[in-house]
Amino acid sequence: MPLIEESADPRGTIPLNQHFVLVHGISGGSWCWYKIKCLMENSGYKVSCIDLKSAGIDQSDADSLLSFDDYNQPLMDFMSSLPENEKVILVGHSAGGLSITQACHKFAKKIHLAVYVAATMLKLGYWTDEDLKDGVPDLSEFGDVYQLGFGLGQDKPPTSALVKKELQRKIIYPLSPHEDSTLASMLLRPGPILALTSARFTKDGDEVEKVPRVYIRTRHDSVVKAEQQEAMIKRWPPLSVYELDSDHSPFFSTPFLLFGLLVKAAAFDVGCNYVERPPC
């Protein structure tokens, strides 16, 4: 599998009217992408940032969300609203990978490319123990890290989780500017973990395979660890794999490099034949 370093030159150009749709991970929101959105719009690209249920400015309570379909409805509504002749480039970060995978199952004809940034990339979601091992962050090495919510009662599994404020920088943003980790500490909200771990997609033909995929690995990631990223890449190989020398949040720690990779991936991989890629 080719690994294209972030310093490589772009292979081709992409029309500036291309539409990037950016999807956050658990506890985040559209605000996570403010640097990338600024860079893209200043360069002439169209950008939409989605707030999923209970995230960003959405008013839903994470403890009230019990299904992945409910949590991901804002992205499904957005994809439904696109004109039939418009195609977008979906970018999912962390658990946002589950969101864009569901979109690929349901709206393959409206998607040029799906880009997974340190993201959960499981073709059918969480069906097996292996899926959970590869796709769910294991933060046990940091001790008791979560502030949990129990929307169904204290005797039931937790319905929401948020990394404790004093651990957020250490785990999620260790290489990011302090201004950004401070902003995040003010804006992060509990994420609906019960809804997220219920994400299961049924195979309906091969529509999902018609969407080219790119994975962007994050070398110093303490959330979705290197071995998890590699396991998901091997199980469901994307068209290309790139790598960033970043923490789990490259939109903060390496925004210019992430922006460059997104544009490069769109320029090269959108125009490639998905089955037979030219040699690098």
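Which residue forms a salt bridge with R217? In this predicted model, the partner is E243, with the closest N and O atoms 3.3 Å apart. The pair links distant parts of the chain: R217 sits in strand 8 (residues 213-218) and E243 in strand 9 (residues 240-244), 26 residues apart. Both R217 and E243 are buried. They also belong to a network of salt bridges that takes in R219, E230 and D245.

The structure holds 16 salt bridges. Three of them are listed here.

| Pair | N to O distance |
|---|---|
| R217 and E243 | 3.3 Å |
| K110 and E84 | 3.7 Å |
| E86 and K46 | 3.9 Å |

K110 lies in the loop between helix 4 (96-106) and strand 5 (111-117), and E84 in the loop between helix 3 and strand 4, so this pair ties together parts 26 residues apart in sequence. K110 is buried at 6% relative accessibility. E84 is exposed at 68%.

E86 and K46 are 40 residues apart in sequence. E86 is in the loop between helix 3 (73-81) and strand 4 (88-93), while K46 is in strand 3 (residues 46-50). E86 is buried at 17% relative accessibility. K46 is partly exposed at 44%.

K46 also touches F20. Their C-alpha atoms are 6.2 Å apart. F20 is in strand 2 and is buried, at 0% relative accessibility. Its other contacts include M40, Y45, I89 and L262.

S27 lies in the loop between strand 2 (19-23) and helix 1 (34-42). S27 is buried because its relative accessible area, 12%, is under 20%. Its side chain reaches the backbone oxygen of R189 at 2.8 Å. Among the other residues S27 touches are A161, L162 and P190.

Conventions. Residues are numbered from 1 along each chain as its sequence is written. This is a predicted model: local features need pLDDT of at least 70, side-chain atom pairs count only at pLDDT 80 or more; totals for chains, interfaces and linings use all residues. Side-chain values use heavy atoms; hydrogens and water are left out. Helices (H or I, at least four residues) and strands (E, at least two) are DSSP runs, numbered from the N terminus. Buried means under 20% relative accessible area, exposed over 50%, partly exposed in between (1.4 Å probe, protein chains only). A polar contact is a pair of N or O atoms within 3.5 Å; within protein, one must be able to donate a hydrogen and the other to accept it, and residues adjacent in sequence count only if both atoms are side-chain atoms. Contact means heavy atoms within 4.5 Å. A salt bridge is a side-chain nitrogen of Lys or Arg within 4 Å of a carboxyl oxygen of Asp or Glu. Lists of a residue's contacts leave out its neighbours within four places in sequence.
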